[in-house]
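The stops below go from a surface pair to the core and then to the chain as a whole.

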Amino acid sequence: EPIWVADKHKSRGIAPKLFGEAVTALRQGKARGFYCRAERDEVESYLRRLGMKYAGKAFLMELEG
């Protein structure tokens, strides 16, 4: 599901915390990776800053290795 932060709450570090919690939950569930789609340019640059790799029409986060 998409992670959205209301405009009035942006720039408070909420989105990175939510993303981190999602990654932690996926690791605990033994996931090997996951995809995110970037619908806007600013989302694409954000996913790149989080370390995700561009994989066609989506971004991939590998959790192993």
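A residue counts as partly exposed when its relative accessible area lies between the buried limit, under 20%, and the exposed limit, over 50%. Keep in mind throughout that this is a predicted model.

Leaving aside residues up to four places away in sequence, Tyr46 touches Ala15 and Pro16. Pro16 lies 30 residues from Tyr46 in sequence, yet their C-alpha atoms are 9.6 Å apart.

**Stop 1: the other salt bridge.** The structure holds two salt bridges. Select Lys10 and Asp7, whose side chains meet in a salt bridge at 3.1 Å, N to O. Lys10 is partly exposed at 42% relative accessible area, while Asp7 counts as exposed at 64%.

**Stop 2: a surface patch.** Select Ile3, Ile14 and Leu18, which form a nonpolar patch on the surface with about 220 Å² of accessible area together. Leu18 sits in helix H1, residues 14-28. Its relative accessible area is 38%, so Leu18 is partly exposed.

Stop 3: In soluble globular proteins, nonpolar side chains tend to be buried together. Here, select Phe19, Val23, Phe34, Cys36, Leu47, Met52, Phe59, Met61 and Leu63: these nine residues are the largest nonpolar core. H1, strand E1 (33-36) and strand E3 (58-62) each give two or more residues to this core.

Next, centre on Leu63. Which residues does Leu63 touch, not counting those up to four places away in sequence? They are Val23, Leu26, Arg27, Ala31, Arg32, Gly33 and Phe34.

**Stop 4: the whole chain.** Zoom out and colour by secondary structure. The protein has two helices and three strands, in the order α-β-α-β-β along the sequence. Its C-alpha trace spans about 35 × 25 × 20 Å along the principal axes. Of the 65 residues, 18% are buried.

Key. Residues numbered from 1 in each chain as written. Predicted model: local features only at pLDDT ≥ 70, side-chain atom pairs only at ≥ 80, totals over all residues. Heavy atoms only, no water. Contact = heavy atoms within 4.5 Å. Patch = residues over 30% accessible without salt bridge, like charges linked within 9 Å, V, L, I, M, F, W, Y side chains within 5 Å. Areas by Shrake-Rupley, 256 points an atom, 1.4 Å probe, with all protein chains shown as cover. Salt bridge = Lys/Arg side-chain N within 4 Å of Asp/Glu carboxyl O. Helix = DSSP H or I, 4+ residues; strand = E, 2+ residues; numbered from the N terminus. Buried < 20%, exposed > 50% of the residue type's maximum accessible area, 1.4 Å probe, protein only. Core = buried A, V, L, I, M, F, W, Y, C linked by side-chain atoms within 4.5 Å.
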